[in-house]
Amino acid sequence: MALLALSAVFALGPSSPAYAEPPPTPSQDEVDQSRQRVASAAAQVGEAQAQLAVADARLQELVREASRAVEAYNGAVVQLEAAKAAAATAAARAAQARADLDAARAALGRFAAASYRSGDGGGIAGLLSAEGLRTLVDRTNALNTVGARFDDVLDRVRVAEVVAQLLDDQAAKALAAQEAATAAVEASKVEAETKVAAQQQQVAAYEVLRLAASTDLANSQTRLAELDRLRREGLAREAAERAQREAEARAATERAAAEQAAAAARAAEGSRPSTASTPPRVPAEPSRPLVVGPGASHGTVEGAALAIEYARAQIGKPYQWGAGGPDSFDCSGLTQMAWQAGGVSLPHWSVGQYAQALKIPASQLRPGDLVFFGEQPGDAASIYHVGLYIGGGRMIEAPHTGALVREALVDRGDVFGYARP
């Protein structure tokens, strides 16, 4: 407002009745102090930017760790489902073996009862005859033969029951171990997610500090510029006023001398007094290796096109750990569902997808292939991310927490390898 008022005064000119007193001229100390505040604010901005960069780098590191934890959890879930299926199969086999043993025992009981009933009808008289003795011997031999066969069958059934029970026990123990392992990696996943969330909050806090420091710097720079301008204008104004006063003093002196000379001349010669000279114009200042086999490819070019079409339709949906659609995805969840649309079943696990699919060199890469990212070359266990290649050096990916499904460049420093489902 003071600037507007001052501009209005200059526009109206000295003869205008609306006159505003010019602002006081800032001292050099005030300007120097303002310049020091600018330097201090600039240093705070630099420090805030450095803190933000460190925090953001840590966030990216935690995102990668969380991605590995999520993929480990996905793998554990796949393995848990397999363990559950194996346990169910073993339990069914054990139940069938017990049923077979019960059936064999029942058949043996029925046979013994029938043999007992058929051997008792002849009485003592029948046994005293020669014919009765031969019949008894024949029957006894037959019973012994059949009984031996039943014993053999019963022994085999008992062995089958023992084996089935052993497999059932082993499968149950394996299932329990896998459930414990799954719980452990799930706990790691939750811990990693919690760390990422906390780091995101810290990054946001540093961003607030950076913005505040930047605002303070801008205000300090504006204030310094204003003080500089006011001081220049004030010094120029003071210089002009000083020159004006000096000119007026010189003019007054000259007028007085002229008047004295004129008076003397009039007195002596009667000449006219001389006029005062016009005062001179004063110018103004201007961030153990796991080795897997070659894998196999079961997809087609048409299937790859369908997989890409599906992935494109998900662009813009949010990333969520462990999600496989339809409203959100993680990286392996997106590629799993995309290739499911393309007719190939993949596990919800980036390491499992790499192990299953056919490994290919970069020179054979074509749309629909999978691009994997890891931290240790040659160690498949270090894979923590996967994307769907769409051609032109680009892919569709579900990147990380806080981001959306998107297209991105494949050419990164942590590319682990390529595979074809």
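Helix α6 (residues 331–341) lies across β2 (370–374), β3 and β4, running at about 40 degrees to β3. Helices and strands are taken here as DSSP runs, numbered from the N terminus, with at least four residues in state H or I for a helix and at least two in state E for a strand. Axes are lines fitted to C-alpha atoms, for helices over the stretch in contact, and angles run from 0 to 180 degrees between N-to-C directions. The model is predicted: local features need pLDDT of at least 70, side-chain atom pairs count only at pLDDT 80 or more, and totals for chains, interfaces and linings use all residues. Residues are numbered from 1 along each chain as its sequence is written, and side-chain values use heavy atoms, with hydrogens and water left out.

Nine of the 11 residues of α6 are buried, which leaves the helix mostly covered. A residue counts as buried under 20% relative accessible area, as exposed over 50% and as partly exposed in between (1.4 Å probe, protein chains only). The buried residues of α6 are Cys 331, Ser 332, Gly 333, Leu 334, Thr 335, Gln 336, Met 337, Ala 338 and Trp 339. Just after this helix, Gly 343 adopts a positive phi of about 95 degrees.

Helix α6 also packs against α5, at an angle of about 130 degrees and with the two axes 7 Å apart. The two helices are therefore oblique to each other; angles under 35 degrees count as roughly parallel, over 145 as roughly antiparallel, 65 to 115 as roughly perpendicular and the rest as oblique. The crossing of α5 past α6 is right-handed, a crossing being left-handed if the near helix is turned anticlockwise from the far one by less than a right angle, and right-handed if clockwise. On the α5 side, the contact (heavy atoms within 4.5 Å) is made by Gly 303, Ala 304, Leu 306, Ala 307, Tyr 310 and Ala 311. Helix α6 contributes Leu 334, Met 337, Ala 338, Trp 339 and Ala 341. The residues of this contact divide into 10 nonpolar, one polar and no charged. In this division Ala, Val, Leu, Ile, Met, Phe, Trp, Tyr, Cys and Pro count as nonpolar, Asp, Glu, Lys and Arg as charged, and the others, Gly among them, as polar.

**The sheet**

Six strands form an open, antiparallel sheet in the order β1-β6-β2-β3-β4-β5. Two strands are taken to pair if DSSP finds at least two bridges between them. The edge strands, each pairing on one side only, are β1 (358–360) and β5 (406–409). On average, neighbouring strands of the sheet are turned by 40 degrees against each other, direction ignored. Helix α5 (residues 301–313) packs on the sheet as well, where it touches β3, β4 and β5, and its direction makes about 110 degrees with that of β3.

| Strand pair | Sense | Bridges |
|---|---|---|
| β2 and β3 | antiparallel | five bridges |
| β2 and β6 (residues 415–420) | antiparallel | four bridges |
| β3 (residues 383–391) and β4 (residues 394–397) | antiparallel | three bridges |

The loop between β3 and β4 contains Gly 393, which is partly exposed at 29% relative accessibility. Leaving aside neighbours within four places in sequence, Gly 393 is in contact with Ala 408, Leu 409 and Val 410. Gly 393 and Arg 366 are 27 residues apart along the chain, and their C-alpha atoms are separated by 9.8 Å.

**Helix α2 and the chain as a whole**

Helix α2 (residues 28–119) holds Gln 60, and Ser 34 is also placed in α2. Gln 60 is partly exposed, with a relative accessible area of 30%, whereas Ser 34 is buried, at 1%. Apart from neighbours within four places in sequence, Ser 34 is in contact with Ser 220, Arg 223, Leu 224 and Leu 227. Gln 60 and Val 196 are 136 residues apart in sequence and 8.7 Å apart in space, C-alpha to C-alpha.

The protein chain comprises seven helices and six strands, which run from the N terminus as α-α-α-α-α-α-α-β-β-β-β-β-β. Of its 421 residues, 32% count as buried.
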